[in-house]
Structures are given as C-alpha cells and as structure tokens.
Amino acid sequence: MSIFVAVQSDDFCLASEYSELRRNAACGAIVTFSGLVRELHDTVLHGMTLEHYPGMTEQALNRIATDALNHWQLAAVHIIHRVGRLKPNEQIVFVGVASAHRAAAFAACEFIMDYLKNRAPFWKKEHTAEGDYWVEAKASDQQALARWE
Amino acid sequence: MIKILFFAALRERLDCEQYLLSCESNTLNVASVLSQLQSRCQNWQQELSRTDLLCALNQQLVPLTASVQDGDELAFFPPVTGG
C-alpha cells in the first residue's frame, strides 16, 4: 500500500500518474479523477487563485488517503492538488486509486474527493469580468459526506 | 504566546494574516480565545461571530471546546472550497 500526496503550483500529467499507479502487480483496477477550472454561466471567468494552509493541507490529504486505505483494500492512492493562480480549463486536482478490483477503486476515489472537498484547507477565489469573489462552500458537498458516515 | 492565523475571505475582511496573543491563563479554550479576538473591534466582533467559521488547532480541525495552551498554533477560516 502506498500513499503519494502533493500540493504544488505546477501542473500534473495524467499519463505519468497513471503509469505510477500501474507499477503495483497486485493492482487490477485504477480509477482516476481530475478536477478542472470551469467556466461560469453568468460572467466571464479570467481565472482563479487557490489559497491553502501550508502544513495542514498535506496532513489533511494524508489523513484522507489513510482513511481510504483503512476502509478498502487498496494498492495505492495518489492525491495532487494545485495552488496559486490557474486559468480556465486548467487542472486543479488529481485523485488516483489502484486496487485489486474496481468496486473498491471507484468507492475510494469518490470517498477521497468528498472528504477533500469538506476537510482539506483550500479556498478558491474567482477572478471574473465583474470582480474577484471567494467561492462559497456548497451544501451539496457537505451532504455528500453523509453516505460515508 | 499563541499564534493565530486567518485564511482566505476571513483574512481579507480582518485585514490580518497572523496575530500573536499572550497566554495569561491556563484554562483557555478556542471559544475563550475567539472571545478575546472579538473584543478587539466591531469588525472583528462581526467577522469572528460567523457561525460557519472553522477552527484548526495545531493544524487539526477542532471544535470550540478544544483546550488551547501556550505555544499552540490556532487558525480560523471559512468553509473550505478546494477540489
């Protein structure tokens, strides 16, 4: 079982992460998720800035990955989250889970994203044609945790 | 001293990134620290009374009842929005 966590300003490469996850011979399934900077419906988005709490962020992501490993039989968990200024369509977050069978990999990937959205100290500020705005937390993200508790 | 950090929208609204509070009591908890900070001015009173405020003690999320000691790092911030 291995955990890889990174908080970085640099972009990440899906193919490289996938290759890393494939290294474990016990792995029969890999599920990956990537989150991107999405356009807004009501105004033009120039980009966003991701702020975080250095130190706590890495600890929170490691804790979430460890919790996933304790719930399911997994071969590897990779979590990468970018910080700093990002443009529309850029990659923000990557979660990759390798396991023997697909059910565990699908479930663990969703579990990790649900907890990351609610527990990891990141904050998004959108830069739009009408000004800069901090993104408000969504009740639906909070409600998503209920299925794991 | 207790090192207090503020993040994101809260940091901007308080116009403060870091605040040092001298620790004069052995029976502090997060709520009592918050109360001292709120008493600084009307803006801090308002911003630090928000019910959705989150708190981390030494980089772990904690409730307002958590005990605080000299040398601790305390952080207050709005609900997180990563991912």
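In this predicted model, the residues that line the largest pocket divide by class into 15 nonpolar, seven polar and ten charged. The lining comprises 32 residues, and those nearest the centre of the pocket are A:Lys117, A:Lys124, A:Val135, A:Lys138 and A:Asp141. Several elements of chain A give two or more residues to this lining, namely strand S2 (29-36), strand S6 (91-99), helix H3 (102-119), strand S7 (122-128) and helix H4 (139-143). Of the contributions to the lining, the largest share comes from H3(A), which supplies four residues. The space that lies in this largest pocket amounts to about 690 Å³.

When the lining of the second largest pocket is sorted by class, six residues are nonpolar, three are polar and three are charged.

The contact between the two chains was examined next. In the interface, 25 residues of chain A are in contact with 19 residues of chain B. The size of an interface is often expressed as the accessible area that is lost when the parts come together. For chain A and chain B the buried area is about 1800 Å², and carbon and sulfur atoms give 55% of it. Of the area that chain A buries against chain B, 35% is supplied by A:Tyr53, A:Met56 and A:Trp123, which is more than any other three residues supply.

Across the interface, 15 residue pairs are found in polar contact, with both residues at pLDDT 80 or more. On the side of chain A that touches chain B, strand S3 (45-52), H2, S6, H3 and S7 each supply at least two residues. The largest share of that side, five residues, comes from H3(A), and its residues divide into 14 nonpolar, five polar and six charged.

Side chains of opposite charge can pair when their charged atoms come close. Two salt bridges are counted between chain A and chain B, and in a salt bridge the side chains of B:Glu12 and A:Lys125 meet at 2.6 Å, N to O. Over all chains, the structure holds 13 salt bridges. Within chain B, the side chains of B:Glu73 and B:Lys3 meet in a salt bridge at 3.7 Å, N to O. This pair links distant parts of the chain, as B:Glu73 lies in strand S5 (residues 73-77) and B:Lys3 in strand S1 (residues 2-6), 70 residues apart.

Definitions and conventions:
Residues numbered from 1 in each chain as written. Chains lettered and ligands numbered in written order. Heavy atoms only, no water. 1 Å grid on protein atoms, 1.4 Å probe; cavity = no way out; pocket = protein on both sides within 12 Å on 5 of 7 lines; lining within 4 Å. Points joined across faces, edges and corners; volume = space filled by probe spheres on them. Nonpolar A, V, L, I, M, F, W, Y, C, P; charged D, E, K, R; others polar. Contact = heavy atoms within 4.5 Å. Buried area = accessible area lost by both parts, 1.4 Å probe. Salt bridge = Lys/Arg side-chain N within 4 Å of Asp/Glu carboxyl O. Polar contact = N/O pair within 3.5 Å; in protein donor to acceptor, adjacent residues only side chain to side chain.
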